[in-house]
Amino acid sequence: MTPEIWDKPEMIKEKRITIDPITRLEGHGKIEIFLDDNGNVKNAYWQVPELRGFEKFCIGRCVDEMNKLTARLCGVCPGAHHMASTKALDAVYQADPPPAAKKLRELFYSAHYVHSHIAHFFALAAPDFVVGPSAPVEKRNILGVVDIVGTEIGSAVIRHRSYAQKIQEMLGGKATHPVCGIPGGMSKPINEEERKEIENMAKSCVEFSKFTCDVFEKLVLKNKDYLSIITNPEIFYNETYYMGLVDKNNKVNFYDGVLRVIDPKGNEFAKFDPKDYLDYIGEHVEPWSYEKFCFLKKVGWKGLIDGEESGVYRAAPLARINVSSGFATPLAQAEYEKMMGFFRDAGIKGPIHFTQVYHWARVIELLYASERLLELAQDPEITSKDIKAKTKTPGEGIGCVEAPRGVLIHHYVSDENGIVQNVNLIVGTTNNNAPINISVAKAAKALIKNWQVSPGLLNMIEMAYRAYDPCNSCATHTLPGHLPFTVYIRKPDGSLYKKLSNA
């Protein structure tokens, strides 16, 4: 198959190009592109104009409700929010869950990863690489993918995503918005019959994940046109710091561990317990976006620029690959070594900075999640009924997991009666907000020249954010700096004496 990469550009007269709405992501956003007098791109911005406000309206609620409330942030990653929130509640109540409870949570969370990564790769990303980035817009969707790969493969995609959802429902009570996590444990165990059912579905997911890796290799890596897009340093390439959760052996871990940060050359910059995140992660706001911009405090916020002098870092699949030494399961580790070998053979040392490699990393993670799902389903302790620890008087707690879209941190402050006093959330996509802006601007500058624009070129600019699998539904949760506020001071007769405003 020869993909259609470039369609025919046309001359435009406008100096401002708006892509609104942007497509194939969760939530709403738009891209603003500004041209100079020669028709070349001066700058471009990824703008998020929607507000959710979760951090504010959770204040005053019962802290026990938080892992049910915050799961409603999103319909794609509720499992990630439920797990991060439940871990924060463990800390709030100073409760260490029994081993079986932790394994049940990770079992649930592995299924969540399988569902999420299948959805992104086949429904959101594959149209760019299977149908083609410049194919007619009516073809660049999941139906266009099925037309090419066939209904048998399409059915396998739907079946294995449904397996993952079924496992989440069995463990979490609901497939989409789970209610299983409680402070210090899980609400219910699983029995042997349920374990066998999960084991059978997990075995099938492992085979499907192996197949997905093969699909990526055959349709993308062996296609010279696509490979030239992926490894083009002028379009999809940024040198940044990276952050991800690793275990004691520096292997990728989705559920637990410490946060490791490397610099653009691959040197370890920091390694810290997530509960100390405020010493390392800063949050910047801009008046034109409802999404916060995370940065490394020890480097500082220097604006929307990459490089070693900028505190911008990246998270999610490519970051996890870059900060780790691979995976703790054999099949995923073999795929990891294949990827690293590919880039080392190409003369690339240190971290992989090619943004489109996020997709490759994601399919490897799908395989890891499936293998981990099977390992846990076969663990003799997984059916233990010892799944709850005792709790103490509530206080302050921080929980962290690796969401499919990056490092996810929930931080709650409760009073002794269990009423929430303060909330801070660092959501997966928030980590990547600045990098997405930088990537979009770089792609736009590389692709739009001399007033020449086409639908395919604009879609390739969208590919710059799509690689990150952003989720704006849960990432937009704070106001940009302050509320507009106006005060009128009136004289005794009602006439206006003075007007004060910060708007």
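Predicted model: local features only at pLDDT ≥ 70, side-chain atom pairs only at ≥ 80, totals over all residues.
**Entry 1: two helices side by side**

I started with helix α7 (residues 192-221) and helix α11 (residues 357-377), which pack at an angle of about 160° with their axes 8 Å apart. Two packed helices are described by the angle between their axes and the distance between the axes, and I now had both. Angles over 145 degrees count as roughly antiparallel, and α7 and α11 are therefore roughly antiparallel to each other. I also looked up the handedness: α7 passes α11 in a left-handed crossing. What kinds of residues make the contact of α7 with α11? They split into 15 nonpolar, 4 polar and 5 charged.

**Entry 2: α11 again, with another helix**

Next I checked α11 against α4. Their axes come within 8 Å and cross at roughly 150°. So α4 and α11 are roughly antiparallel to each other too. This crossing is left-handed. I wrote down the contact residues of α4 with α11 as well: 14 nonpolar, 5 polar and 5 charged.

While I was on helix α4 (residues 99-131), I picked out Ala123, which sits in it. Is Ala123 buried, partly exposed or exposed? Its relative accessibility is 28%, so Ala123 counts as partly exposed. Buried would need under 20%, and exposed over 50%. Then I listed what Ala123 touches, leaving aside its neighbours within four places in sequence: Arg24, Ile118 and Ile142. I also took a distance: Ala123 and Gly144 are 21 residues apart in sequence, and their C-alpha atoms are 9.8 Å apart in space.

**Entry 3: a sheet of three strands**

I moved on to an open sheet of 3 strands, ordered β2-β3-β4 with antiparallel pairing. Which strands stand at the edges? They are β2 and β4 (41-47); each has a single partner strand, so one side of each is left without a neighbour in the sheet. On average, and ignoring direction, neighbouring strands here are turned by 15° against each other.

Then I went through the pairs. Strand β2 is joined to strand β3 (residues 30-35) by 4 bridges, and the two run antiparallel. In this pair, Ile17 stands opposite Ile33 in β3. Between β3 and β4 I found 6 bridges, again in the antiparallel sense. There, Ile31 stands opposite Trp46 in β4.

What packs on this sheet? Helix α13 (residues 433-447) does, touching β3 and β4, and its direction makes about 145° with that of β4. Helix α14 (residues 455-466) lies across β2, β3 and β4, running at about 125° to β3.

Most residues other than glycine have a negative phi, and most peptide bonds are trans. I went looking for exceptions.

- The peptide bond from Asp20 to Pro21 is cis, with omega near 5°. Pro21 lies in the loop between β2 and β3.
- Arg24 is not a glycine, yet it has a positive phi of about 55°. Arg24 is also in the loop between β2 and β3. With a relative accessible area of 14%, Arg24 is buried.
- I found Ala316 in the loop between β12 (313-314) and α9 (317-323). Its relative accessible area is 0%, so Ala316 is buried.

**Entry 4: another sheet**

Last stop: an open sheet of 3 strands in the order β13-β14-β15, with antiparallel pairing. Its edge strands are β13 (396-403) and β15 (420-426), each pairing on one side only. Neighbouring strands in this sheet are turned by 10° against each other on average, direction ignored. How many bridges join β13 to strand β14 (residues 406-414)? I noted 8, and these two strands run antiparallel. The bridge partner of Glu402 is Val407 in β14. Finally, helix α3 (residues 78-92) lies across β13 and β14, running at about 150° to β13.

Notes. Residues numbered from 1 in each chain as written. Heavy atoms only, no water. Pairing = 2+ DSSP bridges. Axes fitted to C-alpha atoms, helices over the stretch in contact; angles between N-to-C directions. Parallel < 35°, antiparallel > 145°, perpendicular 65-115°, else oblique. Left-handed = near helix turned anticlockwise from the far one by under 90°. Nonpolar A, V, L, I, M, F, W, Y, C, P; charged D, E, K, R; others polar. Contact = heavy atoms within 4.5 Å. Buried < 20%, exposed > 50% of the residue type's maximum accessible area, 1.4 Å probe, protein only.
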